[in-house]
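Visitor: Could you walk me through this model, one question at a time?

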Amino acid sequence: MPRRSKESDETVEIPKGFSLVTELAGHNGPVTSVAVTPDGRCVVSGSHDTTVRVWDLESGRLLRGLQAHTGSVYSVAVTPDGRSVISGSNDRVSVWDLKSGQRLHALGGHTAPVYSVAVTPDGRSVISGSGDGTVRIWDLKSGRLLRTLEGHPGFVYAVAVTPDGCSFISGSGDGTVRVWDLESGRLLRALEGHTGGVYSTGVTADGRWIVSTSADRTLRTWDSSTGRHVRTLEGHTSDVAGLALARNWAAADSGDDTVRVWDLATGRLLATLPVSSPRWPNDDRVAFAPGGTYLLTVRDGKQGDVIRVWKLDWPT
């Protein structure tokens with residue numbers, strides 16, 4: 001028999017190995033992005049209600065709200081040391097002190113919304129992708145703009161950094177995934193094959209594979225060293241937006257009201273979770289805690305979206 005979720009009287013199928021730990025409610029609008037701190041203790045979320053919020057992962061308690069943006073928050077990321085939060089919004093990129101909630105930097109320069117932010121593994125640089133078609137690289141400590149990269153003719157919806165910190169990946173509405181040298185800003189290769197805009201990108205922890213999601217309803221995996229297309233993961237029946245990676249798993253959030261979890265090594269579908277559809281294609285409403293012990297998804301709430309924390313009891 002299907003187990004009941006915590007939302008009203010709705011009955012949903014919960015896959016074996018998933019248990020709902022808590023729900024994080026408090027945003028007054030749609031949630032656009034979620035992330036987990038490196039120690040796995042806190043959840044960071046961004047919303048169209050213009051706030052960034054920090055939560056205790058296990059108890060669901062709201063720890064603090066960060067308010068300074070004047071428009072929707074589209075993306076959040078946490079620095080590797082867990083001390084700072086980066087947010088991308090309609091108006092700017094912001095850098096926050098996680099403990100105090102103080103804004104450390106407001107990075108202006110993009111001429112359109114910032115849809116994605118990422119931090120380099122050494123914690124020294126922030127990368128932002130924008131609707132203005134550019135990628136910008138910033139010095140985290142000073143807030144200084146280091147470089148502006150052009151090349152995508154469409155919105156840049158996604159950025160991700162390789163584990164070695166030598167290169168980064170961007171995904172765009174132009175349907176391409178691009179790989180760039182971080183130090184020089186040189187374009188290394190363009191990965192073509194998606195037949196719709198690319199909404200999210202990621203790199204596996206071992207640096208072996210690049211993963212991308214798209215409006216063409218698929219995920220694709222690519223060999224990071226050669227750019228060769230490895231596998232296409234099919235099954236979603238609408239645009240695939242958010243992406244989360246852990247171990248050898250990829251979790252993807254789609255407009256078909258599901259998050260699907262895949263085994264990247266085999267291409268096998270492992271689980272399907274019912275969720276609320278992303279409202280905008282650039283929403284990134286799925287995240288793993290470090291080590292893949294928890295998975296975050298988002299559902300509709302009465303006042304605003306609710307973040308769901310699932311504990312995973314799967315073999316490694």
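**Cores, charges and a loop**

Visitor: Which residues does phenylalanine 288 contact, leaving aside its neighbours within four places in sequence?
Guide: Contact here means heavy atoms within 4.5 Å. Leaving aside neighbours within four places in sequence, phenylalanine 288 is in contact with Val36, Ala244, Leu245, Ala246, Trp249, Ala251, Tyr294, Leu295 and Leu312.

Visitor: What should I know about the model itself?
Guide: It is a predicted model: local features need pLDDT of at least 70, side-chain atom pairs count only at pLDDT 80 or more, and totals for chains, interfaces and linings use all residues. Residues are numbered from 1 along each chain as its sequence is written, and side-chain values use heavy atoms, with hydrogens and water left out.

Visitor: How many residues does the largest nonpolar core have?
Guide: A nonpolar core is a set of buried Ala, Val, Leu, Ile, Met, Phe, Trp, Tyr and Cys residues joined through side-chain atoms within 4.5 Å. Buried means under 20% relative accessible area, exposed over 50%, and partly exposed in between (1.4 Å probe, protein chains only). Phe18, Ala251, Val261, Phe288, Leu295 and Leu312 have the most contacts inside the largest core, and its size is 17 residues.

Visitor: Which strands each supply at least two residues of this core?
Guide: Strands (E, at least two residues) are DSSP runs, numbered from the N terminus. Those that each supply at least two core residues are β22 (240–246), β23, β24, β25 and β28.

Visitor: How many residues apart are arginine 299 and glutamate 23?
Guide: They form a salt bridge, with the closest N and O atoms 3.0 Å apart. Both are buried. Arginine 299 is in strand β27 (residues 294–299) and glutamate 23 in strand β1 (residues 18–25), a separation of 276 residues.

Visitor: How far apart are the closest N and O atoms of aspartate 305 and arginine 285?
Guide: Arginine 285 also bridges aspartate 253, at 3.9 Å. Arginine 285 is buried, with a relative accessible area of 0%, and aspartate 305 is buried too. For aspartate 305 and arginine 285, the distance is 2.8 Å.

Visitor: Aspartate 263 is buried yet has no salt bridge; which side chain of opposite charge is nearest?
Guide: Lys and Arg count as positive and Asp and Glu as negative; His and the chain ends are not counted. Aspartate 263 sits in strand β24 (residues 258–263). A polar atom of its side chain lies 2.8 Å from the backbone nitrogen of alanine 265. The nearest side chain of opposite charge is 4.9 Å away: arginine 268.

Visitor: Is glutamate 183 buried or exposed?
Guide: Glutamate 183 lies in the loop between β16 (177–181) and β17 (187–191). It touches Arg147 and Cys166, not counting residues up to four places away in sequence. At 70% relative accessibility, glutamate 183 counts as exposed.

Visitor: How many disulfides does the structure hold?
Guide: A disulfide is a pair of cysteine sulfur atoms within 2.5 Å. Cysteine 42 is buried at 16% relative accessible area, whereas cysteine 166 is partly exposed at 45%. The number of disulfides is zero.

Notes
Salt bridge = Lys/Arg side-chain N within 4 Å of Asp/Glu carboxyl O. Helix = DSSP H or I, 4+ residues; strand = E, 2+ residues; numbered from the N terminus. Polar contact = N/O pair within 3.5 Å; in protein donor to acceptor, adjacent residues only side chain to side chain.
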